[in-house]
Amino acid sequence: MKRTFFTSVIAFVMLTSSACGQTTQSKNENQSNENQTMTEDINDKWEEKSEYSEGFAKVLDSTNGKYGFIDETGAVVIPCKWVGASDFSEGLASVRGDNELVGFIDKTGELVIPCKWESAYDFSEGMSAVLDPAAKYGFIDKKGKLVTPCKWIEVRSFSEGLAVVGNTNAKYGFIDKTGKLAIPCKWNHALPFTEGLAAVMGDNDYWGYINKTGKLVIPCKWNTTYFFSDGLAKVEDANFKWGFIDKTGKLVIPCKWKVAYDFSEGIAEVEDADGTSYKINKQGEIVE
């Protein structure tokens with residue numbers, strides 16, 4: 001009699017747990033379907049919609065051809081009244097007004113930097129590169145103050161306290177945030193600093209790396225180079241094959257790949273001549 005009772009109780013509990021599990025799964029599936037439907041509805045509403053950045057997505061209203069911003073619920077938080085706009089970065093987004101010039105708004109939609117520039121980069125490390133009517137670049141801070149005069153023909157955003165600048169002789173160097181030339185303009189090209197090193201092109205049209213004093217620490221001998229990431233940088237040799245060097249310039253992974261991507265958390269994706277993709281570790285070993 002007791003065994004029959006306990007057997008019945010256990011069976012009831014198992015049946016109830018199964019039903020609860022099915023109900024929870026069903027609820028989760030319904031919630032997932034609702035979220036997907038909501039996302040699709042948000043996307044379908046706009047002629048264009050960017051990915052979310054700092055909680056906001058840029059959208060284009062097809063009825064007036066103007067840009068605004070929505071939040072993650074799809075609600076319009078900044079009206080579509082701008083001729084152009086960029087994503088938010090460091091709390092500000094560039095917008096192009098009806099005068100076809102560019103300024104910046106904050107997350108309330110207030111125009112905090114007037115629309116008076118031909119173009120502007122996203123803010124990086126508290127600075128934005130701006131282009132004046134004479135087609136020269138300088139840098140402004142978040143209050144709109146011109147910190148660095150507009151005198152450069154080309155610039156890159158600040159990274160690790162320095163920014164690439166190109167002069168009228170098409171030579172490149174680096175400035176600090178006061179506008180002082182920290183590394184002379186003597187390179188044929190340059191990329192921003194990452195992990196303490198920057199790729200530069202020498203007079204021989206090959207690439208190497210400098211440190212923050214401007215010293216060439218890895219000779220200019222590569223067809224193409226890229227940023228250091230996870231302690232390694234991808235480089236292309238004279239045979240148009242990619243490998244990886246460390247910060248001493250040592251080739252730690254031979255140049256044998258048709259395509260290579262940056263290392264992240266110890267893994268990089270590469271492709272061989274046949275287009276087959278692999279994942280390798282820092283020893284160059286195929287792990288997947």
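**Strand architecture and local backbone features of the predicted chain**

Of the contacts in the protein chain between residues at least 6 apart in sequence, 25% join residues at least 24 apart. Contact here means heavy atoms within 4.5 Å. The model is predicted: local features need pLDDT of at least 70, side-chain atom pairs count only at pLDDT 80 or more, and totals for chains, interfaces and linings use all residues. Residues are numbered from 1 along each chain as its sequence is written, and side-chain values use heavy atoms, with hydrogens and water left out.

The protein chain holds one helix and 27 strands. Both are DSSP runs numbered from the N terminus (helices, H or I, at least four residues; strands, E, at least two). Of the 288 residues, 42% are buried. Buried denotes under 20% relative accessible area, exposed over 50%, and partly exposed in between (1.4 Å probe, protein chains only). The chain exposes about 15700 Å², and carbon and sulfur atoms supply 53% of this area. Accessible areas were computed by the Shrake-Rupley method with a 1.4 Å probe; for residues, only the protein chains shown count as cover.

Four strands form an open sheet in the order β5-β6-β7-β8, and their pairing is antiparallel. The edges are β5 (84-85) and β8 (111-117); each has a single partner strand, so one side of each lacks a neighbour in the sheet. Two strands count as paired if DSSP finds at least two bridges between them. Strand β7 (residues 102-105) is joined to β8 by three bridges, and the two run antiparallel. Within this pair, I105 has L111 of β8 as its bridge partner. In general, strands of a sheet pair through backbone hydrogen bonds, either parallel or antiparallel.

Two loop glutamates were examined for backbone geometry. Most residues other than glycine have a negative phi. E54 is not a glycine, yet its phi is positive, at about 55°. This residue sits in the loop between β1 (48-49) and β2 (57-61). E54 is partly exposed, with a relative accessible area of 36%. E160 also has a positive phi, near 55°. The loop between β13 (154-155) and β14 (163-166) contains E160. Its relative accessibility is 30%, which makes E160 partly exposed.

A further loop, between β21 (224-225) and β22 (233-236), carries S229. Beyond its neighbours within four places in sequence, S229 contacts E195, D262 and F263. A polar atom of the S229 side chain lies 2.7 Å from the backbone oxygen of F263.

Methods
Polar contact = N/O pair within 3.5 Å; in protein donor to acceptor, adjacent residues only side chain to side chain.
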